[in-house]
Amino acid sequence: MVYLMLGIADTKLQGSVSVLFLQVWKANIGGKQMNRRKKKLEAWKFAVGETQDCLAAAKTVTVPHTWNVEEGLYEYAGSGWYAYQLTIPTVSEGNRYWLEFGAVYHDAWVYVNGILAGEHLHSGYTTFTIEITDHIKAGDNQIVVHADNSFSEEMLPCKRSFDWANDGGMIRSVYLYQTGTGRIATVRAVCEPILTQTGRRQHGGSAVWGLDLMLDIRSSAPSSEQSDWKVKWRLYSAGNTEPAAGGEASAGAGENQIERQILDNITYWHFDAPVLYMLELELCCGDVVQDTCKMRLGFRKIAVCAERLFLNGESVRLCGTEWMPGSDPRYGMAEPTEQLHKMLGILKRTNCVYTRFHWQQSEEVYEWCDENGMLVQEEIPFWGPDPEAAGETQWEIFHQQIQEMIRAGQNHPCLISWGVGNELAAQHPDTVRYIKRAVGCTKKLDPSRLVNYVSNSYFGEPQKDGAQFGDIMMLNEYTGTWIPDYEASEVLERVCRENPHKPVLISEFGLCEPAFSGGDARREHVFAEKMEVYRQFPAIVGTIYFCLNDYRTQIGEEGEGARKRRVHGSTDLEGQPKGSYQRVREECAPCSVDMEQDACLIRCRNDLPCYAMQEYRVQLEGAGKTQDRVIGMLVPGDTLRLEMPGLERITISSAAGWEIGTWTS
């Protein structure tokens, strides 16, 4: 139960937020920046059943929550109901109240005091917000959420055509927040470096800066002719209390653009140096603050040219691994923050700098990737050959989801590409039309990022495949297993020959048990063998190994209940490493090390991966002594020799502090 004392506001916050509400907000952020003055709603009553009457026998659960990890409900696909009592002593005129849902899988209807306040359909992994101002009253209020995870053709993923868990419920956090009559609905920050060097990484300099805002100002609010609506902004660099830049601009309901300008002395974001800035926004009417917003940003530039991929001006070839969230049977898709961070750390320690997610992830995931330097492709969860031909239903759901995911993720520097589908029937003319249309639509919504489609049908006739219409041809490469009659080198030679000047990225490869025998030893062998092949093709700008972990899935071949899974990972469901984990880590490191007597040779890789090593830390150990060195710069192909009497062990860490490997004599 939450109690809010409303209407006892400071003069500057009149109509916006009470003193007590502000105290509640500060108490809940734990020292970490958080948007607005939010209160997390955690303790809910829950029951399954066709109607709300089932809540009479409800139990208390903590949101995030999914019923599909509970005994007796492992395979349940249907309706679940959640209820929350919200007590508001006073409702002040001029205040507006909002519920923000991280995700409800997959259809949701939200009722306030018995009245339908809003719904969110066909999209179980995207954030949505519902205004409840007109439905609440002073005193006790009941919030009821009806969630449904029935398999449906009016959703993406479609029916049973997806390879992960069908976990229903309020799978991410829910927040209550309050604004004045105006709200900052969406923010798009333009943070584009101005690159002045060619062919090498640029660490900082000038950048184009600007803001595109959508403001929700209630029609009953004072009009712009009667009062002064404006947006104030301040941009802070890390650790500084004085803003690096700031300003204000007149504003009004709907779309607003703050004029583009050039900022100097900007440090650029990179996976080896994930420098973030803090943006503070205020929406004011006269001298009264109506809404506030804080977010972290990064300045970085991603581009493709011919068959190369560029990050901040440097031609790079990247390696990574994919993690399938929702796989620990204790939590399913309702993973708490500490579990998300644990698995992301295990992923990062495979030397992963570029990954992908088959479905939209939470804000917490992308904040971690921003902080720790991990590039990401986020994808529409349109997976598999059902339906064979993508039609208007799929297009309409795609269009809803792509707008929602871009709005949610567009300010995260870690997100460098959007995916419009995975393993569709991508040589069917209707599906090819969908891919072309989806890529074009996404580029119009967000011209600053790459847009791709992930294919597993290219090996037959690559010139007909929809993968060619993305910025990068992303290929799930399973020759020898799921694709038994082809050789990887022959297929890739043909793909590159028939798509000249097009970068290629291996978006999946690996070994799935028990579909294929050999266990983890064969998984390690397949990984190493395929990496050797991929390194022979300069057009291959990256690899994403599949996958980090064995994962829970509704089509799993092994296990029962909450442990129904596919054995496809280099860790188990809980993230415990297998033998192949270390091999993945070694092959994805940006360097190799040869140990000699009293010395070592560090070679910066010039194939896969391929990027400069700058400000990496080296620790040398031997004869009971330790020496610390810093690598100023190693470009791909360079070799550095370090000497130390009695050298026995060397440990190298990235500039961001992540250990990339240890070598012993």
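The model is predicted, so local features need pLDDT of at least 70 and side-chain atom pairs count only at pLDDT 80 or more, while totals for chains, interfaces and linings use all residues. Residues are numbered from 1 along each chain as its sequence is written, and side-chain values use heavy atoms, with hydrogens and water left out.

Trainee: How many salt bridges does a search of the whole structure find?

Mentor: Start with the criterion. A salt bridge is a side-chain nitrogen of Lys or Arg within 4 Å of a carboxyl oxygen of Asp or Glu. Searching the whole structure on that basis gives 46.

Trainee: How many residues apart in sequence are the parts that Asp-386 and Lys-159 tie together?

Mentor: The two side chains form a salt bridge at 3.6 Å, N to O. Asp-386 sits in the loop between strand 24 (375–379) and helix 4 (392–409), and Lys-159 in the loop between strand 10 (139–148) and strand 11 (174–179). Helices (H or I, at least four residues) and strands (E, at least two) are DSSP runs, numbered from the N terminus. So the pair ties together parts whose separation in sequence is 227 residues.

Trainee: Which helix holds both Asp-430 and Arg-433?

Mentor: Their side chains meet in a salt bridge at 2.1 Å, N to O. Asp-430 is partly exposed at 29%, and Arg-433 is exposed at 51%. They are three residues apart, about one turn of the helix, and that helix (residues 429–445) is helix 5.

Trainee: Thr-431 is also in helix 5. Which residue's backbone oxygen lies 3.0 Å from a polar atom of its side chain?

Mentor: Thr-431 is buried, at 1% relative accessibility. Its contacts (heavy atoms within 4.5 Å) beyond four places in sequence include Ala-389, Leu-424 and Ala-426. The backbone oxygen at 3.0 Å belongs to Glu-388.

Trainee: Which residue in strand 18 is the bridge partner of Leu-281?

Mentor: Strand 17 (residues 277–285) and strand 18 pair over nine bridges, antiparallel. In that strand 18, Leu-281 is partnered by Cys-293.

Trainee: Which residues of strand 27 are buried on each side?

Mentor: In a regular strand the side chains alternate between the two faces of the sheet. Strand 27 (residues 473–476) is covered on both faces. One side has Met-473 and Leu-475; the other has Met-474 and Asn-476.

Trainee: Which helix joins strand 27 and strand 28 in the β-α-β unit?

Mentor: Four bridges join strand 27 to strand 28 (residues 504–508), which run parallel. Met-474 stands opposite Leu-505 there. The unit is right-handed: with the strands pointing away from the viewer, the path from the first strand over the helix to the second runs clockwise. Its helix (residues 488–498) is helix 6.

Note on methods
Buried < 20%, exposed > 50% of the residue type's maximum accessible area, 1.4 Å probe, protein only. Pairing = 2+ DSSP bridges. Polar contact = N/O pair within 3.5 Å; in protein donor to acceptor, adjacent residues only side chain to side chain.
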